[in-house]
Amino acid sequence: MSTAAALFIPAVFAAEAGKGSLSIGAAINKAGRQRMLSQRMAKAFAMQTAGVMPDKAGSLLEQSRKLFEAQLAELKTLAPTEAIQVALADLDKVWASYREVLGKPRTPENAQLVLAESEKTLRAAHALTGLYEKQAASSAGHLVNISGRQRMLSQRMAKCFLFEQSGVAAETLRKEQEAARRDFVAALSELNAAPQNTAEIRTELELANTQWLFFKQALNGQERNREVAARNVATTSERILEVMDGLTGQYEKLVRT
């Protein structure tokens, strides 16, 4: 896939949208995907601010917004505990603020607002994902959570890189990118070693390991042309995201069985 303009919408979401009930495995997956979308929308805003494939970034942002809202509505149909109900209300509240700032003009000042709101939305989505994992009470549920978190980390690293390229909170973002990178590497190692891995999962993991090498190379900043460097990060972050989303779906199947 050359760009991510259509990522998830036809391949994943459309296939799931017609299902009448949400399993706990699917809830962990979708709540985890909300974490990713919080960072992906900020990444798209950064791309537009920096003038990196702005039209494609606009499509990416709009489709991510629609998917976030559709999944939030789905998740509200599975709220078996009071804690999950409260977490869903919290996510709904922070999303309203985030959605508003995403609609503002692409300026450095508004970029700061987007960064702040993306963090609040990420924290709320992460808390909800953890509650669904607790409800599943299984090692497979944990694998869905950490595999799904890799999607978020891929977008977080790209978001930090692209905002830093724009001169927004450069030092802070550099540290956040390094922290996200360490978390990604540690989780990838855990997933590679998971005894629950099936043949299909091991195949997906091999692809994830390869895509991580490409993404890491783009993040390392060896490309001297800033425009090319930013484009490379934007595109490779989408490729590894696509692979990690497929892998998370494989782990979700283990929860159902």
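This is a predicted model: local features need pLDDT of at least 70, side-chain atom pairs count only at pLDDT 80 or more; totals for chains, interfaces and linings use all residues.
User: Why is Gln165 called partly exposed?

Analyst: The relative accessible area of Gln165 is 22%. Buried needs a value under 20% and exposed a value over 50%, so Gln165, at 22%, falls in between and counts as partly exposed. Gln165 lies in helix H6.

User: What is Gln165 in contact with, leaving aside its neighbours within four places in sequence?

Analyst: Its partners are Arg226, Ala229 and Ala230. Contact here requires heavy atoms within 4.5 Å. A separate value concerns Met47: Gln165 and Met47 are 118 residues apart in sequence, and their C-alpha atoms are 9.7 Å apart in space.

User: What makes Ser64 count as buried?

Analyst: Ser64 has a relative accessibility of 0%. Ser64 lies in helix H3. Leaving aside neighbours within four places in sequence, Ser64 is in contact with Leu37, Arg40 and Met41.

User: How do you know that Glu69 and Arg65 form a salt bridge?

Analyst: The N to O distance between their side chains is 3.0 Å. A salt bridge needs a side-chain nitrogen of Lys or Arg within 4 Å of a carboxyl oxygen of Asp or Glu, so the pair of Glu69 and Arg65 qualifies at 3.0 Å. Side chains of opposite charge can pair when their charged atoms come close.

User: Where do Glu69 and Arg65 lie, and are they buried or partly exposed?

Analyst: Both are in helix H3 (residues 54-75), four residues apart, which is about one turn of the helix. Glu69 has a relative accessible area of 25% and is therefore partly exposed. Arg65, at 23%, also counts as partly exposed.

User: What makes Asp245 and Arg33 a link between distant parts of the chain?

Analyst: These two residues form a salt bridge, with the closest N and O atoms 3.1 Å apart. Asp245 is in helix H9 (residues 226-256) and Arg33 in helix H2 (residues 24-50), 212 residues apart. Both Asp245 and Arg33 are buried. A search of the whole structure finds 16 salt bridges.

User: Why are H3 and H4 called roughly antiparallel?

Analyst: H3 and helix H4 (residues 82-102) pack at an angle of about 160°, with their axes 11 Å apart. Angles over 145 degrees count as roughly antiparallel, so at about 160° H3 is roughly antiparallel to H4. The crossing of H3 and H4 is left-handed. Among the residues making the contact are Leu61, Phe68 and Leu72 of H3 and Leu88, Leu91 and Trp95 of H4. The residues of this contact divide into eight nonpolar, no polar and four charged.

User: How do you know that H5 and H6 are roughly antiparallel too?

Analyst: Helix H5 (residues 108-136) and H6 pack at an angle of about 175°, and their axes are 11 Å apart. With the cut-off at over 145 degrees, H5 and H6 are therefore roughly antiparallel to each other. The residues of the contact of H5 with H6 divide into six nonpolar, seven polar and five charged. Among those that meet are Leu115, Leu122 and His126 in H5 and Asn145, Met152 and Phe163 in H6.

How values were computed. Residues are numbered from 1 along each chain as its sequence is written. Side-chain values use heavy atoms; hydrogens and water are left out. Helices (H or I, at least four residues) and strands (E, at least two) are DSSP runs, numbered from the N terminus. Buried means under 20% relative accessible area, exposed over 50%, partly exposed in between (1.4 Å probe, protein chains only). Axes are lines fitted to C-alpha atoms, for helices over the stretch in contact, and angles run from 0 to 180 degrees between N-to-C directions. Angles under 35 degrees count as roughly parallel, over 145 as roughly antiparallel, 65 to 115 as roughly perpendicular and the rest as oblique. Ala, Val, Leu, Ile, Met, Phe, Trp, Tyr, Cys and Pro count as nonpolar, Asp, Glu, Lys and Arg as charged, and the others, Gly among them, as polar. A crossing is left-handed if the near helix is turned anticlockwise from the far one by less than a right angle, and right-handed if clockwise.
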